[in-house]
Amino acid sequence: PAMEPEISESHKAALRSVKPQLLINGKFEDASGGKTFETLDPRTGDPLMTVAEAQAEDVDRAVKAARQAFDHGPWPRMSGRQRGSIMHKLAALMEKHTEELATLESLDNGKAYATAVSVDVPMAIEFLRYYAGWADKIYGQTIPTEGKIQAYTLREPIGVVGQIIPWNFPILMQAWKLGPALATGNTIVMKVAEQTPLSALRVGELALEAGVPPGVLNIIPGDGPVAGAALASHKGIDKIAFTGSTEVGKIIMRHAAENVIPVTLELGGKSACIICPDADLDEAVRGAHDALFFNHGQCCTAGSRTFVHESIYDEFVKRAAKVASNRRVGDPFDRATQQGPQVSQEQFDKIMGLIDTGVKQGAKLETGGKRHGDRGYFVQPTVFSNVTDDMTIATDEIFGPVQSILKWSTVDEVIRRANDTEYGLAAGVFTKNLNMANTISRALKAGTVWVNTWNQFDCGVPFGGYKTSGIGREKGEAALSHYTQTKAVYMPLEEPLT
Ligand code: ADP
């Protein structure tokens, strides 16, 4: 039967909690010229909410507000401990509104509510708490020097930071970016993804309630080539951080080069998940499945090339197809649902096109391959076997629920093939052999390697890409260095008193 998704009373209440405008200088405002766009319900493609669409002039106002807040406001001047305490208040407010935020996340993005409420929102909160804890623990060094001079370093905030985030984990990507930027005393202009502006705007309002001063956090929903480009190229920003496609990442980097500002990029991936012959087969099938299908395949770290040893290949494929075909696809608000709709028509079309290409290029479709249902952006969990390295589904990021299973024979060969990609975000290996685990994890050219697991994202552990998957690291202590600059101070030492 055709699913009739509803907007229930609790959904309506969550939507009413959002001020669908631009957050600039502590106020919610319309975009210049009253420009708006519709954010859509991915279950149906119907409009969900009308949201202000930032234009270049609005971006300019937001950057000026952030500049004013940085140059003259209290945020960079208050103690780290005070900033940390405000961040803790924000985390507590988000915790109080967990269900509302998770509802917004599922409505706007289509992700399973059960996941949003137990993973996305709690992780975002934990993340802010983690960085709140850092706020008073960021300091320089006293450095021994030659002669009668002393030297020490200060770690100062960079200034106004531009941040551009994607739609696949809206609230979590927002927290990843806000945590280190706020803890270190920067002020922020954040461009949220046009597909998923809602949860970020609600968090922006909660930040004001928590005591984040006006102008410190400015949030501008809008289009990439308009608002995003205006932000990335603005002369008034001191740093830019971007998460999204490698293609747009290159554009961002060119803007940063023009303004000679630091840039951090978290970009695409085509992560290899290597299954060794000695792996526990059920665990490996389950692990490789979760590696790819989590969040409907919309993860930059998706294990989108499953390399399986030839000795277990046929059995692995059979079981992988069975697990995928049992995956429950449906309304994200149904508690049993594991997979909701993809985020947009554009993504849906791209995924269906790549599935088509897989078939045309000779991969064997084991399960799925079609649209699920007849409305919205649902895609059947899809598994291809007999995938070879040169096929488009093995080289291009699909960002959908499509598992490609390749066959390998020797360890040297699988390492070479796993590394034979422009990307280097994540990779993983399933084996019981410690030497094998060590050899392969050290040989893989990727910023994260998972052994007998996948999708681990602890706040304290650095995350980022090798090669075209990015520059810099998010999370952990590592991210702090991207949001501070070091000042060296020299001061003569007086002659010793005699
Ligand atoms: P995806 O293909 O997953 O949507 P994008 O890289 O296109 O990834 O988008 C990630 C973020 O970058 C979004 O917030 C989007 O609006 C923004 N963006 C897209 N194009 C540009 C651009 N030319 N300049 C700045 N930001 C952009």
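## Fold, ligand shell and active site of a predicted model

Q: In the chain, what percentage of contacts between residues at least 6 apart in sequence join residues at least 24 apart?
A: The model is predicted, and its contacts here are counted between residues at least 6 apart in sequence. Of these contacts in the chain, the share that joins residues at least 24 apart is 72%.

Q: Which helix gives the most residues to the shell around the ligand?
A: The ligand is surrounded by 15 residues, and the closest are Gly224, Gly228, Gly244, Ser245 and Val248. By class, this shell holds 9 nonpolar, 4 polar and 2 charged residues. At least two residues of the shell come from each of α8 (224-232) and α9 (246-259). The helix that gives the most, with 5 residues, is α8.

Q: Is the active-site residue Glu266 buried or exposed?
A: The unreviewed UniProt entry places the feature "active site" at Glu266, and this residue is found in strand β11 (residues 263-266). A residue counts as buried if 20 or more other C-beta atoms lie within 10 Å of its own. Because Glu266 has 27 C-beta neighbours inside 10 Å, Glu266 counts as buried.

Q: Which residues is Glu266 in contact with, leaving aside its neighbours within four places in sequence?
A: Glu266 is in strand β11, and neighbours within four places in sequence are left aside in this list. The residues in contact with Glu266 are then Thr243, Cys300, Gly464, Gly465, Gly470 and Glu474.

Q: In the antiparallel pairing of β5 with β6, which residue is the bridge partner of Thr142?
A: Three strands form an open sheet with antiparallel pairing, in the order β5-β6-β22. The edge strands, β5 (142-143) and β22 (484-492), each pair on one side only. Strand β6 (residues 149-157) is joined to β5 by 2 bridges. In β6, the bridge partner of Thr142 is Tyr152.

Q: Where does Asn455 lie, and is this residue buried or partly exposed?
A: Most residues other than glycine have a negative phi. Asn455, although not a glycine, has a positive phi of about 55 degrees, and Asn455 lies in the loop between β19 (448-451) and β20 (466-467). Because Asn455 has 18 C-beta neighbours inside 10 Å, Asn455 counts as partly exposed.

Q: What is the phi of Lys467, and in which strand does this residue lie?
A: Lys467 is partly exposed, because 17 other C-beta atoms lie within 10 Å. Lys467 is not a glycine, yet its phi is positive, at about 50 degrees. The strand in which Lys467 lies is β20.

Definitions and conventions: Residues are numbered from 1 along each chain as its sequence is written. This is a predicted model: local features need pLDDT of at least 70, side-chain atom pairs count only at pLDDT 80 or more; totals for chains, interfaces and linings use all residues. A residue is near a molecule or strand if its C-beta atom, placed from the backbone, lies within 6 Å of it. Helices (H or I, at least four residues) and strands (E, at least two) are DSSP runs, numbered from the N terminus. Ala, Val, Leu, Ile, Met, Phe, Trp, Tyr, Cys and Pro count as nonpolar, Asp, Glu, Lys and Arg as charged, and the others, Gly among them, as polar. UniProt positions are given in the numbering used here, feature names are shortened, and annotations may be inferred rather than shown by experiment. A residue is buried if 20 or more other C-beta atoms lie within 10 Å of its own, exposed if 12 or fewer, and partly exposed in between; C-beta atoms are placed from the backbone. Two residues are in contact if their C-beta atoms, placed from the backbone, lie within 7 Å. Two strands pair if DSSP finds at least two bridges between them.
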